[in-house]
Amino acid sequence: MPAPSVPEPSPADFSAEPGAAAAPARHEALPLDGDSILALAARSMFQLFSSISQGMFLVDHTGRIVWVNEGYRRFLPALGFSSIDQFQGHLVEEVIQNTQMRRVLETGEPIMIDLLTNKAGTFVVSRLPLRDEGGAVIGAIGIVLFDHPETTLKPLISKFARLQQDLDDARRELAVQRKRELSAPDGQRRAKYTFASFVGTSPAAVEVKRQARRAAQSASPVLLLGETGTGKELLAHALHTASSRASGPFVSVNIAAVPDTLLEAEFFGVAPGAYTGADRKGREGKFRLADGGTLFLDEIGDMPLNLQAKLLRALQEGEIEPLGSNRLLPFDARVIAATSRDLAALVREGRFREDLYYRLGVLPIRVPPLRERVSDIVALVEVLGEDMALRNSSAPPELSPQAIALLQAQPWRGNIRELRNVLEQAALRSESGQIDVGLLQGVLQDSGLDPVLAVRPPPVPGPAMAFSAAPVADHTAPVGLTANVAAAAIQPLAEQVAALEQQAIARALHHTRGNKVAAARLLGISRATLYERLGEGR
Ligand SMILES: Nc1ncnc2c1ncn2[C@@H]1O[C@H](COP(=O)(O)OP(=O)(O)OP(=O)(O)O)[C@@H](O)[C@H]1O
């Protein structure tokens, strides 16, 4: 090991203990010369950091670790080291994954606050350069300010995760929109999904696709009801593509996203000359843009009451009146509406017109939440993993059977969107591309989800499930299942029963927040049987 260029400080030099052995003689007053004052201040700051931080280490100018304090040593096992010799004396990037210490050495710039995630967990860290008297960078100090920030900084981290998710969603939507615009000749809007894009062969998924296919044959309005992220918009696209209007435009309006004051113009358009400014030339409304095709009204439950009356009239008469015009214009668009709200309850509360509810709900279709179609999770993970890989130009993540079992046990309140987000986070944190149950549990916790206890995996061939189905980026292409998934689907009955049993146990444990006695009671089995099924037989 080359000699460190920063003299290795003795622990006593940096002792955090007040009055520690090597502390200089007590000063009754500040020393008078500037150098001594600076030295005293530096030592005091160092001691303060050492005592309030979770751990510290020093690297020399080559990036070699030359000193580690007591606090930091407890992270060594999680980083994969059983003794300090395996850590100290090595280059920092060889022993701490994802570290940015090299950047600090190269630029001389501190990184005051950063989030570091590696196999030891997620940490809030600070990195400061050390300079000699001439100002040259001779090393750097790494400080772990907080470990487990998911607990200590939970509100901040959840907010960050939410914002990140919003940003990712917005980017995705923008990319899709751009693609749609580019592929649409003469500015026409097209649907991008078919029924094949709706992944799932569970009884609930098959039934919803059956109903939607039948609805595609009719000209009546369709009402898609279901929790957020269950695939209502995807189904609306598919329904349009399977209908006789497939060659016409697919136009969608997210009512919740448009300010109330602009909705009327958005729907019915603006007559030329009605306004000054940008709308002087007039503007087509979505009803007219959807002429000959399908108009998808997303989040219909958020529509203001005054506009509900106008929408009802338009649907009944097949005519709209643009703002600022006294002419009625005919339109020919098939309406599909969707909501994640309890529309019947809104009607009871007087917040949604009953006549409009019946008018829109001629063909109501309930889109099932993911927790009612647990058997679709393997295929969904496969498709989402492939899609992520395609976007990031990386290999699809590989999930251990235990990780799959954990995913199957989640309540998924945000449904497929939430599942996707969890997978993306897990893939980001995994260095090897493998996602095991421990990593996944951390992600679920950090995402503010209520992770269900891990259970024994469903019997799946192979050590880990490699996902390599056809990409979903093109949702018009049928999604192929890999041999693995296909094999999983036709496992021997005993294995399928065992998998179902594991899911039931996971759900019961979730329900009882991990209380095994209560879970056993719920399942009608003895505690011993439950332990045995959990692989903890004693
Ligand atoms: N069955 C499915 N197979 C594959 N991807 C799906 C499926 N269902 C939903 N998705 C994907 O999940 C995401 C959310 O779906 P979608 O926007 O259609 O849900 P939604 O019910 O309309 O949500 P919201 O109510 O929040 O608008 C999309 O990226 C969609 O492609």
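**A buried loop residue**

Tutor: Tryptophan 412 sits in the loop between α16 (401-409) and α17 (415-429). Helices here are DSSP runs of H or I with at least four residues, strands are E runs with at least two, and both are numbered from the N terminus. The model is predicted, so local features need pLDDT of at least 70, side-chain atom pairs count only at pLDDT 80 or more, and totals for chains, interfaces and linings use all residues. Residue numbers start from 1 along each chain as its sequence is written.

Now the angle. Tryptophan 412 is not a glycine, yet its phi is positive, about 45°. Most residues other than glycine have a negative phi. Is tryptophan 412 buried or exposed? It has 24 C-beta neighbours inside 10 Å, so tryptophan 412 counts as buried. (Buried means 20 or more other C-beta atoms within 10 Å of its own, exposed 12 or fewer, partly exposed in between; C-beta atoms are placed from the backbone.)

Next, glutamate 299. This residue is not a glycine either, and its phi is positive at about 55°. Find glutamate 299 in the loop between β8 (294-298) and α12 (305-317). Glutamate 299 has 19 C-beta neighbours inside 10 Å, so it counts as partly exposed.

Last, the hairpin. Two residues link β3 to β4 there. Strands β3 (residues 111-118) and β4 (residues 121-131) pair in the antiparallel sense, over six bridges. (Pairing takes at least two DSSP bridges between two strands.) Opposite aspartate 114 stands valine 125 in β4.
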